[in-house]
Amino acid sequence: MDKLIITVAMIGAEVTREHNPNLPVTPGEIADAAYVCYKAGASMVHLHVREDDQTPTQSGDRFRETIEKIKAKCNIIIQVSTGGAVGMTAEERLQPVYLKPEMATLSTGSVNFGDDVFLNPPSYLEEFARVMKENGVRPEIEVFDVGMINNALQLVKNGLLEEPLHYDFVMGVPGGIPGTLKNLLHLAESIPAGSTWTVAGMGRFELPLGTAAIIMGGHVRVGFEDNIYYDKGVLAQSNAQLVERIVRVAEIHSRPVANPDEARKILRLT
Ligand code: KMH
Ligand code: ZN
């Protein structure tokens with residue numbers, strides 16, 4: 001089994017300080033929080049950015065400023081979001097990819113997203129994969145439901161993606177695949193041998209699915225984008241608190257945690 005890669009998704013596009021007052025918002029706050037998560041054991045940050053008033057943005061300038069601040073503190077892998085927020089155009093969403101970060105997300109299908117629709121028609125998939133390829137950015141395939149694996153493999157057939165792919169199973173989004181253990185097993189068995197995968201369990205699914213991934217040889221994503229609670233009715237004090245907990249779970253199961261350079265090798269970034 002490879003060492004465990006812990007990704008921290010600290011912000012997202014939906015959570016606000018009204019939900020959890022400990023949400024980092026400005027580039028400086030995000031960089032400080034990323035550094036504490038890195039010290040706690042995170043080797044990758046899944047990055048969204050906000051305006052000062054918390055509005056989600058895919059502004060290249062805002063991403064550049066935030067990435068520079070994170071890089072000044074540590075060598076954590078930076079994976080930019082191309083999901084952005086529901087309703088953004090493809091052009092808006094793609095802006096951070098032109099900064100040539102090490103990784104970016106690529107959602108390979110549309111999904112109901114609470115009361116909204118997170119739109120990823122075939123034309124977006126092809127455009128996003130092409131722009132990532134042209135900019136030398138390694139995609140992480142965001143899988144909100146099982147058919148999205150097949151969509152990614154179709155992009156491989158079309159020459160727009162190269163195997164082995166790295167997948168993120170996003171489980172428990174209202175509208176997406178439910179966060180059950182049976183579904184996680186099915187997803188993990190549905191990707192080609194040699195692929196790597198992470199699980200991002202929403203809300204109360206974060207800890208049990210993360211624990212399962214540790215045992216199964218997958219990797220884990222935690223953070224306020226997915227889950228703002230530490231326990232039932234108890235808000236997490238920081239993203240790092242969620243990272244620290246999953247590190248303890250890994251220790252209990254004798255699964256060593258990868259540092260960023262070890263994670264780069266596992267993810268074939270180097
Ligand atoms: N905010 C969601 C609509 C991603 O980062 O690639 C999409 C999302 C996925 O968060
Ligand atoms: Zn995201």
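**Close-up 1. Helix α2 and its two sides.** The face of α2 turned away from its buried side carries Asp61 and Glu68, both exposed. This view, like the others, shows a predicted model. Buried in α2 are Gly60, Arg62, Phe63, Thr66, Ile67 and Ile70. Seen down the helix axis, these buried residues fall within an arc of 155°, so they line one face of α2. An α-helix has 3.6 residues a turn, so residues three or four places apart point the same way. The buried residues pack against α1 (27-40), β2 (44-47), β3 (49-50), β4 (56-57) and β5 (77-80). Helix α2 covers residues 60-71, and its 12 residues should span 16 Å at 1.5 Å a residue. The end C-alpha atoms are 16 Å apart, in agreement with that value.

**Close-up 2. The barrel.** Eight strands close into a barrel, in the order β1-β2-β5-β6-β9-β10-β11-β12. Their pairing is parallel. On average, neighbouring strands of this sheet are turned by 25° against each other, direction ignored.

Close-up 3. Strand β1 (residues 6-9) is covered on both faces. Ile6 and Val8 are buried on one side, Thr7 and Ala9 on the other. In a regular strand the side chains alternate between the two faces of the sheet. β1 pairs with strand β12 (residues 219-222) in the parallel sense, over three bridges. Here Thr7 stands opposite Arg221 of β12. β1 also pairs with β2, in the parallel sense and over three bridges. Val8 stands opposite Val45 in β2.

Close-up 4. β2 and β5 run parallel and are joined by four bridges. Met44 has Ile77 of β5 as its bridge partner. With strand β6 (residues 103-107), β5 pairs in the parallel sense over two bridges. The bridge partner of Val80 in β6 is Ala104.

Close-up 5. Ser107 lies in strand β6. Its relative accessibility is 6%, so Ser107 counts as buried; the cut-off for buried is under 20%. Not counting residues up to four places away in sequence, Ser107 touches Phe118, Asn120, Leu125, Glu142 and Phe144.

**Close-up 6. Strands β9 and β10 with helix α6.** Strand β9 (residues 138-143) pairs with strand β10 (residues 166-171) in the parallel sense, over four bridges. Glu142 has Asp168 of β10 as its bridge partner. Helix α6 (residues 181-190) lies across β9, β10 and β11 (196-201). It runs at about 160° to β10.

**Close-up 7. The largest nonpolar core and Trp197.** The largest nonpolar core has 79 residues. Met10, Leu47, Ile70, Tyr167, Phe169, Trp197 and Val243 touch the most other members. Helix α8 (residues 239-252) gives the most to this core, with seven residues. Apart from this core lies another, of eight residues, among them Met44, Ile77, Ala258 and Leu267. In soluble globular proteins, nonpolar side chains tend to be buried together. Trp197 contacts His166, Tyr167, Phe169, Leu184, Ala188, Ile191, Ala213, Met216, Gly218 and His219, leaving aside its neighbours within four places in sequence.

**Close-up 8. Helix α8, largely enclosed.** Of the 14 residues of α8, 10 are buried, so the helix is largely enclosed by the rest of the structure. The buried residues are Asn239, Ala240, Gln241, Leu242, Val243, Arg245, Ile246, Val247, Val249 and Ala250. They pack against β1, α1, α7 (206-216), β12 and β13 (229-231). From its first C-alpha to its last, α8 reaches 21 Å. That is close to the 20 Å expected at 1.5 Å a residue. Ser254 follows α8, and its phi is positive, near 55°.

Notes: Residues numbered from 1 in each chain as written. Chains lettered and ligands numbered in written order. Predicted model: local features only at pLDDT ≥ 70, side-chain atom pairs only at ≥ 80, totals over all residues. Heavy atoms only, no water. Core = buried A, V, L, I, M, F, W, Y, C linked by side-chain atoms within 4.5 Å. Buried < 20%, exposed > 50% of the residue type's maximum accessible area, 1.4 Å probe, protein only. Contact = heavy atoms within 4.5 Å. Pairing = 2+ DSSP bridges. Axes fitted to C-alpha atoms, helices over the stretch in contact; angles between N-to-C directions. Expected span 1.5 Å × (residues − 1). Arc of directions from axis to C-beta.
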